[in-house]
Amino acid sequence: MAKIWTPKTYLRLAALSGFVSVAVGAFAAHGVHEARPAELLKTGALYEMTHALAVFAAFAVARATGRSRGLAAGLFLLGTLVFSGTLYAMAFGGPRILGAITPIGGVAFLAGWLALAWSAGKVADKA
């Protein structure tokens, strides 16, 4: 049975996340004329792009420590799904109650950064 959650899967998801963030950001800039939805889309796209790149950084650290994948990468992707996903949904008319879920994605981002910091502490210093 093939493993689904391989480093390749995480990296592909990060690349697709970067793609989505550019597409959403462009749509927010050129296709949305109402201020609040455009703001939600731009914020979601900014955080999504930032954390798509962070997944690549997490895998660079994981590789430097000899690990096949990192907890940080998963937390960044989860954060993107919840944080950016709820903002996108609200921008497209989803219920405002989704705003109560958005911070869960933010907590996943924060946990991912802490996990990345912890993992980076295990990188061997080379002189």
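User: Where is Ala 60 found, and how is its relative accessible area read?

Analyst: The general idea is a scale with two cut-offs: under 20% is buried, over 50% is exposed, and partly exposed lies in between. This is a predicted model. Ala 60 sits in helix α2. Its relative accessible area is 47%, so Ala 60 is partly exposed.

User: Leu 16 next. Buried or exposed?

Analyst: Apply the cut-off again: over 50% is exposed. Leu 16 has 52% relative accessibility, so it counts as exposed. Leu 16 belongs to helix α1.

User: What is the span of α1?

Analyst: Compare the reach with the expected value. Helix α1 runs over residues 7-30, which is 24 residues. From first C-alpha to last it reaches 35 Å, close to the 34 Å expected.

User: Which residues of α1 are buried, and what covers them?

Analyst: Tyr 10, Ala 14, Ser 17, Gly 18, Ser 21, Val 24 and Ala 28 are buried. Their cover includes α2 (35-64) and α3 (71-91).

User: Why does Thr 80 count as buried, and what is it in contact with?

Analyst: Under 20% is buried. Thr 80 has 7% relative accessibility, so it counts as buried. Thr 80 lies in helix α3. Leaving aside neighbours within four places in sequence, Thr 80 touches Ser 17, Glu 48, His 51, Gly 85 and Phe 109. Ser 17 is one of the buried residues of α1.

Methods
Residues numbered from 1 in each chain as written. Predicted model: local features only at pLDDT ≥ 70, side-chain atom pairs only at ≥ 80, totals over all residues. Heavy atoms only, no water. Helix = DSSP H or I, 4+ residues; strand = E, 2+ residues; numbered from the N terminus. Expected span 1.5 Å × (residues − 1). Buried < 20%, exposed > 50% of the residue type's maximum accessible area, 1.4 Å probe, protein only. Contact = heavy atoms within 4.5 Å.
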